[in-house]
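Comments are set out as numbered points.

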Amino acid sequence: MYKVNENCIGCGACTSICPDVFELNDDGFAENIMGDVPSELEADAKEAAECCPVNAIVKE
């Protein structure tokens, strides 16, 4: 599972790369809307985590 931590600045990079998993919430910060990521989206979720400018997405 990929979790967005308190480092998130709401830049939207993850939502652009993997919108099926990440979404900006009402406060403007990203969150995982899917929970466990299915295998077909794993590569996109990993790319989103790697592209996060503040390393706010971690795999648990």
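1. The buried residues of helix H2 (42–51) are covered by elements that include strand S1 (2–4), helix H1 (13–17), strand S2 (22–24) and strand S4 (57–59). Cover is judged by contact, meaning heavy atoms within 4.5 Å; helices (H or I, at least four residues) and strands (E, at least two) are DSSP runs numbered from the N terminus.

2. This is a predicted model: local features need pLDDT of at least 70 and side-chain atom pairs pLDDT 80 or more, whereas totals for chains, interfaces and linings use all residues. Residues are numbered from 1 along each chain as its sequence is written, and side-chain values use heavy atoms, without hydrogens or water.

3. Within H2, Ala-45, Ala-48 and Ala-49 are buried (under 20% relative accessible area, 1.4 Å probe, protein chains only). They lie on the same side of H2 because they cover an arc of only 100° around the axis, taken from the directions from the helix axis to the C-beta atoms. The face turned away from this buried side carries Ala-43 and Glu-50, which are exposed (over 50%).

4. The largest nonpolar core has 16 residues, of which Tyr-2, Val-4, Phe-22 and Ile-57 touch the most other members. Such a core is a set of buried Ala, Val, Leu, Ile, Met, Phe, Trp, Tyr and Cys residues joined through side-chain atoms within 4.5 Å. S1 and H2 are the elements that give two or more residues to this core, and H2 gives the most, with 3 residues.

5. Leaving aside residues up to four places away in sequence, Ile-57 touches residues including Tyr-2, Val-4, Phe-22, Ala-48 and Ala-49.
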